[in-house]
Amino acid sequence: MTAFKEIEKKLIQQAKELLERGEVAQVIAYGRGYDDQHPMPYVAKTVADADNLVFNEFCTFNLVGYLMRCPPGIKVAIVVKGADSRAVVQLIQEAKLRREDLVLLGIPASGMVDQKTGKIIDAQTTGGQINPVLCDYLLGEEKYGRTESPYQVLKPLEVMGKDDRWQFWQNELSRCLRCFACRKACPMCYCDPCFMDQSRPRWADKSPTAEGSIMYHLTRFYHLAGRCIDCGNCSRSCPVDIPLYLFHKKLAQDCEEMFGQAAGMRIEDKPVMVDFRVEDTDEMLK
Amino acid sequence: MLKKIEQGKLSELVTALIDQGPLYAPVRDDRGVNFQSIRSPLAVTLDFYNSVLSPKAVFFPQSEDLISYRLGRGEPTAKTTPLPTAQTILLGVRPPDAYSFFLMDELFLGSGIVDPYWQSRRDLTVVIGYPFINQTPDAVDFYSSLGISATDTRGSDIFLIKKNGELLFKGLTEKGNALLAKQAALFTEATGDDEQYYLAALAQGAAIVTRNLDCDPKRTASKLENLFADTAFWEQMAAACISCGTCTFVCPTCHCFDIADENIFRDGARRRFWDACMFTDFTLEASGHNPRSRVYQRLRQKVCHKYSYYIRNFGVISCVGCGRCTRSCPVNIDIFTIIAEAMKK
């Protein structure tokens, strides 16, 4: 188990130092919500603010999306867990963030708990990555050793027949309310405007028809092919608990198998769908 | 009128009710409890705290066709969708939610323009309330703050209370008594002991206190009016908000809708469907200008609509303290905390 109290202490200390030295304008981290089990994203702007920071097993929300609201050229510190750090790397690859604007406070966090279910988030569900892939300050002990494959959870879907699987996704996706929490929670969903908000052309019904919802999610899944870093924000944010992460994982697995590259692992990589190589597989065209 | 039935016979009762018309009741699946149109009597559960989504969709569906039309060669044809005519029963509604129907009546019926869709469904529906009894309130509920009790009868036609293996049904309105009379064959007459049990249960439930906050409507409204231009306050409250529509979609009193014509080739419909003030394009104008382009402006709109504008328009706070928005918020924004902070200002 992760020593959350110690990490929290280090986090507050580090945030204070960075703010005191004027190295960053703000620290994006977690603060107290309405109780201990429900921390909230929190921005510390002064040394005094830093005392309000918390870190515990319920700090599951991936904060990287908030970086997209920060103007470039102003240095910002942010807490990143394993998958979150991959989001930063992926966004740097996509030229949406600049490395020099960021101070990454890495936290190797295992034993994180889903606030709704109370269950531990592991490789089975989301967030299989424990150690940050990129950080400036490491605020805890890195963990090594094999964990379960993040794709293990896909087994039941893989053994399903094609028709059953399609039925499964139709059932799941037609429950969508179109609250768009998934796209708003997703650090990779930064299109402005999102294709769903466009009226000319209109890509899907504005009203929540099942066909329109399926259109929305399938398009979003494919927009995220080779880009999803499996943080699970979309699925945890969903008020009706659609397991979106399963589809994202499948695409991530395909990308990894076909192109030998997982999203957001190294700054030097090009996003898989942008990087064309002659030796690339044409498996998907068959 | 107080009637009773053995709990084991609930499915018989449900079957009889389904025969009368559509029945909406709480159903549990692996993602929690929600109100659904009941086809199988065994699906109904009474063992729940509250539904994830509010039951407002029974009166105000997430999407409904107002007009259907056919375009193409020759004269286009169009017809308005007939208003519903079937008696509907809504079973298992918690008192704060039942009261929310009253709050929505203010807008849909009392604003000078009557919404025929809302009105017909309200007239046709019998609401069977299910008060909180012997139940610790959820940590985020705050209906007490809004003057709603755990056994509030406002908005219910019948009250349903569990009594060791039996279910007591108390008719509260004419509509409710008529329904109980119609199903008389299934019920047995309640005894004096049941009467006492019912009253004791109500008294016990009425003592339940949730999180509490003094938010007198007039004072709250003027407080928020004075705070409107305090951008720093709203930016702080909205710092974590990701501007999704979850809070408004789970809310029993959020009622904003959009209307669009949608067609596939020649056949189409003019639909109205839930919209949310938290969406970026909610106030987007045709020119491209958006008067609420920032997240804090949208969150301020949501809070002030409930706790300020609605009071100025109808004299009541448009919130029942059910706690759904807080429970479902991906980043744990809590409207109770926002109001509490505002009142401190």
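Colleague: How do strand β1 and strand β9 of chain B run, parallel or antiparallel, and how many bridges join them?

Modeller: Strands of a sheet pair through backbone hydrogen bonds, and the pairing is either parallel or antiparallel. In this predicted model, strand β1 (residues 2-6) of chain B and strand β9 (residues 166-171) of chain B run antiparallel and are joined by five bridges.

Colleague: What is the order of the strands in the open sheet of chain B, and which are its edge strands?

Modeller: The open sheet has eight strands with mixed pairing, and their order is β3-β2-β6-β7-β8-β9-β1-β10 (chain B). The edge strands, each of which pairs on one side only, are β3 (32-37) and β10 (188-189) of chain B.

Colleague: In what sense does β6(B) pair with β7(B), and how do β7(B) and β8(B) run?

Modeller: β6(B) and β7(B) pair in the parallel sense over five bridges, while β7(B) and β8(B), which also run parallel, are joined by two bridges.

Colleague: How many of the residues of β7(B) are buried, and which of them point one way from the strand?

Modeller: To judge burial here, one counts the other C-beta atoms within 10 Å of a residue's own, and 20 or more make it buried. Five of the five residues of β7(B) are buried, so this strand is largely enclosed by the rest of the structure. B:Thr125, B:Val127 and B:Gly129 point one way from β7(B), whereas B:Val126 and B:Ile128 point the other way.

Colleague: Which strands do helix α1 and helix α4 of chain B lie across?

Modeller: Helix α1 (residues 10-20) of chain B lies across β1, β2 (23-29), β6 (88-93) and β9 of chain B, and runs at about 135 degrees to β2(B). Helix α4 (residues 174-182) of chain B lies across β1, β7 (125-129), β8 (158-163) and β9 of chain B, and runs at about 135 degrees to β9(B).

Colleague: How many helices and strands does chain B have, and what is its radius of gyration?

Modeller: The secondary structure of chain B comes to 11 helices and 12 strands. Its radius of gyration is 22 Å, close to the 20 Å that the globule rule gives for 345 residues, so chain B is as compact as a globular protein of that length. Of the 345 residues of chain B, 41% count as buried.

Colleague: How many residues are in the largest nonpolar core, and which touch the most other members?

Modeller: The largest nonpolar core has 151 residues, of which A:Ala15, A:Val27, A:Ala29, A:Ile78, A:Val79 and A:Leu105 touch the most other members. Helix α9 (residues 295-314) of chain B gives the largest share of this core, seven residues.

Technical notes
Residues are numbered from 1 along each chain as its sequence is written. Chains are lettered from A and ligands numbered from 1 in the order in which they are written. This is a predicted model: local features need pLDDT of at least 70, side-chain atom pairs count only at pLDDT 80 or more; totals for chains, interfaces and linings use all residues. Two strands pair if DSSP finds at least two bridges between them. Helices (H or I, at least four residues) and strands (E, at least two) are DSSP runs, numbered from the N terminus. Two residues are in contact if their C-beta atoms, placed from the backbone, lie within 7 Å. Axes are lines fitted to C-alpha atoms, for helices over the stretch in contact, and angles run from 0 to 180 degrees between N-to-C directions. A nonpolar core is a set of buried Ala, Val, Leu, Ile, Met, Phe, Trp, Tyr and Cys residues joined through C-beta atoms within 7 Å. A residue is buried if 20 or more other C-beta atoms lie within 10 Å of its own, exposed if 12 or fewer, and partly exposed in between; C-beta atoms are placed from the backbone. The radius of gyration is taken over C-alpha atoms; the globule rule is 2.2 Å times the number of residues to the power 0.38.
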